[in-house]
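Work through the exercises below with the model open. Each task is followed by a solution in steps.

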Number of protein chains: 2
Amino acid sequence: MRIGVVAPSTPIAREAAEQVTAIAAAEFGEVELVFHPQCFVRHNHFAGPDDVRAEAFLDVANDPAFDALWFARGGYGSCRIAEQVLGRLGRAARDKTYLGYSDAGYMLAGLYAAGFGKVAHGPMPADVRRKGGQDAARRGLAWLTTSEVSALDATLRRADKAAAFNITVLSQLLGTPLQPDLSDHVLLLEDVAEYTYRTDRAMFHITSNPGVRKVAGIRLGRCTEVPQNDPDFGETEEEVVRHWCERSGIPFLGRCDIGHDADNKVVPFGTI
Amino acid sequence: MRIGVVAPSTPIAREAAEQVTAIAAAEFGEVELVFHPQCFVRHNHFAGPDDVRAEAFLDVANDPAFDALWFARGGYGSCRIAEQVLGRLGRAARDKTYLGYSDAGYMLAGLYAAGFGKVAHGPMPADVRRKGGQDAARRGLAWLTTSEVSALDATLRRADKAAAFNITVLSQLLGTPLQPDLSDHVLLLEDVAEYTYRTDRAMFHITSNPGVRKVAGIRLGRCTEVPQNDPDFGETEEEVVRHWCERSGIPFLGRCDIGHDADNKVVPFGTI
């Protein structure tokens, strides 16, 4: 089992990579975890210039020696390379498992829209540095290696299709070629560090999209590190999501266990 | 000439309304400027609950005694009432002139998408409180009363269609029923108080949209109050916009004179 790690957004700290490598060696003996050198490159905001990040992604995705591509970290930047990467993926890329969340959602969306079958929203190596983050890294490794059921969000049901996104990222890919067909999917959403008025605005955007209106329902994960609105927004994030579900006729199905934290569970796109 | 002012987003200060009323009385004798009482209501983040803001908009828009509807101020909130307002506009609304910018862009977009012919991006009453803001208020009044040519962005040419938006607002209405057909339009853009990585992300979103790719070209106004990115983003807002224009095959046509400031010029949607 060979897992390649790349960073289409921002670089990962070497200490984080070493910690995850140690966990893999100690507890997942069958795994060979390979951090592409690009993961540690820094170029302004990004883990290398666009071309460097794109080539690293293609190096791993198109290499049949890798079973999985694991996104090192979120941040910002994968939308800048999505189009050029997606146009150059070969057969080996199609058989691979992809795991990440947050800014990686642009790539997950584009891969899923292109018919890739093994795409999942879940923990990344950089999560190891969160409080309790070793469990997040273990969860990611457990799902990548054995499709461990306990790694999955507990609300997922075998009969349902699902997909999961950061609210801001999903909003910012609507109406582009990256937008996947989410008809009849349960859509799980989370966000981090956004003012509630921005979450409200993004939920207007998401629930007003004719494609999104075809989902089976929306579940809300956690919205964390929310800055204090001035004046107070007067609605919690759950009230905001319920409001827009009601306005748009999309069933609100309750909460789920995803978010920018160590408890973030895995949500495979499509059926489990 | 009767101008009705409403606030579909956030409330305007009474002092600002009084200052603009004084300018209108002293310099635009033919104008009767009517601030709807809703402009001063405060409900959490908004100038009144959604229903109150929607009804105020309809009071003015559907009243044939008003020649124009002037948006009092931006902020956030017009997307929350756009759908219910647009569905209830009658014939008197269609003959009216509409002027505003920033968050008002949701309404301008929806009105223009619905075929309303006299929609423009430009100064609002609340701008009077900016440094030099009396000139912004005068410019708005001059355009509303006499279609004063000097109020217009100087890059506009009589033969071209145009439209103008706040970058974040345009991004957040793509793929919804509010998105107007911008084919062959010169698209003028500006933004305020956004990190450059967010402007980059929004420009990815805007220039990846198949409808936007049909514009004649993009002009960039001002991006002001940009928070310092950590690390430095390494590109100016003009470099960001040029980058995405080049990537998407949209001609970059240069700068223009719009933005969240007192110099903000008027851009009528469609032809001038």
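The lining of the largest pocket has 15 nonpolar, 10 polar and 13 charged residues by class. The model is a predicted one. The exercises start with this pocket.

**Exercise 1. The largest pocket**

Task: State the volume of the largest pocket, then find which residues are closest to its centre and which elements line it.

Solution. 
- Step 1. Take the volume. The largest pocket holds about 1100 Å³.
- Step 2. Go to the centre. The lining has 38 residues, and the closest to the centre are Tyr197(A), Arg198(A), Gly75(B), Val192(B) and Ala193(B).
- Step 3. Assign the elements. At least two lining residues come from each of these: helix H8 (196-207) of chain A, and helix H7 (167-171), strand E7 (185-192) and helix H8 (196-207) of chain B.
- Step 4. Pick the main contributor. H8(A) gives the most, with 3 residues.

**Exercise 2. The second largest pocket**

Task: Describe the second largest pocket by volume, centre, elements and residue classes.

Solution. 
- Step 1. The volume is about 860 Å³.
- Step 2. Of its 36 lining residues, Arg73(A), Gly74(A), Gly75(A), Tyr76(A) and Ser102(A) are the closest to the centre.
- Step 3. Helix H7 (167-171) and strand E7 (185-192) of chain A each supply at least two lining residues, and H8 of chain B does too.
- Step 4. H8(B) provides the largest share, 3 residues.
- Step 5. Sort by class. The lining has 14 nonpolar, 10 polar and 12 charged residues.

**Exercise 3. Cavities**

Task: How many cavities of 30 Å³ or more does a search of the whole structure find? Describe the largest cavity.

Solution. 
- Step 1. The search finds 3 cavities of 30 Å³ or more.
- Step 2. The largest cavity has about 160 Å³ of space.
- Step 3. It is lined by 15 residues, and the closest to its centre are Arg198(A), Arg201(A), Gln172(B), Arg198(B) and Arg201(B).
- Step 4. H7 and H8 of chain A and H7 and H8 of chain B each supply at least two lining residues.
- Step 5. H8(B) gives the most to this lining, with 4 residues.
- Step 6. The classes are 2 nonpolar, 7 polar and 6 charged.

**Exercise 4. A helix pair between chains**

Task: Classify the packing of H9(A) and H3(B): roughly parallel or oblique?

Solution. 
- Step 1. Packed helices are described by the angle between their axes and the distance between the axes.
- Step 2. Read them off. Helix H9 (residues 237-248) of chain A and helix H3 (residues 79-86) of chain B pack at about 15°, with axes 12 Å apart.
- Step 3. Apply the cut-off. Angles under 35 degrees count as roughly parallel, so H9(A) and H3(B) are roughly parallel to each other.
- Step 4. H9(A) passes H3(B) in a left-handed crossing.
- Step 5. List the contact. His243(A), Trp244(A) and Arg247(A) of H9(A) meet Cys79(B), Arg80(B), Ile81(B) and Gln84(B) of H3(B).
- Step 6. Sort by class. This contact has 3 nonpolar, 2 polar and 2 charged residues.

**Exercise 5. A helix pair within chain A**

Task: Do likewise for H2(A) and H3(A): roughly perpendicular or oblique?

Solution. 
- Step 1. Helix H2 (residues 50-61) and helix H3 (residues 79-86) of chain A pack at an angle of about 50°, with their axes 9 Å apart.
- Step 2. Roughly perpendicular needs 65 to 115 degrees and roughly parallel needs under 35. H2(A) and H3(A) are therefore oblique.
- Step 3. The crossing of H2(A) past H3(A) is right-handed.
- Step 4. From H2(A), the contact uses Asp50(A), Asp51(A), Arg53(A), Ala54(A), Phe57(A) and Leu58(A); from H3(A), Arg80(A), Ile81(A), Gln84(A) and Val85(A).
- Step 5. These residues divide into 5 nonpolar, 1 polar and 4 charged.

**Exercise 6. Backbone checks**

Solution. 
- Step 1. Pro231(A) lies in the loop between strand E8 (217-224) and H9 of chain A.
- Step 2. Pro231(B) lies in the loop between strand E8 (217-224) and helix H9 (237-248) of chain B.
- Step 3. Asp184(A) is not a glycine, yet its phi is positive, about 65°. Asp184(A) sits in the loop between H7 and E7 of chain A.

Methods: Residues are numbered from 1 along each chain as its sequence is written. Chains are lettered from A and ligands numbered from 1 in the order in which they are written. This is a predicted model: local features need pLDDT of at least 70, side-chain atom pairs count only at pLDDT 80 or more; totals for chains, interfaces and linings use all residues. Side-chain values use heavy atoms; hydrogens and water are left out. On a 1 Å grid over the protein atoms alone, a cavity is a set of points where a 1.4 Å probe fits but cannot get out, and a pocket is an open set with protein on both sides within 12 Å along at least five of seven lines; lining residues have an atom within 4 Å of a point. Grid points are joined across faces, edges and corners, and a volume is the space filled by probe spheres set on the points. Ala, Val, Leu, Ile, Met, Phe, Trp, Tyr, Cys and Pro count as nonpolar, Asp, Glu, Lys and Arg as charged, and the others, Gly among them, as polar. Axes are lines fitted to C-alpha atoms, for helices over the stretch in contact, and angles run from 0 to 180 degrees between N-to-C directions. Angles under 35 degrees count as roughly parallel, over 145 as roughly antiparallel, 65 to 115 as roughly perpendicular and the rest as oblique. A crossing is left-handed if the near helix is turned anticlockwise from the far one by less than a right angle, and right-handed if clockwise. Contact means heavy atoms within 4.5 Å.
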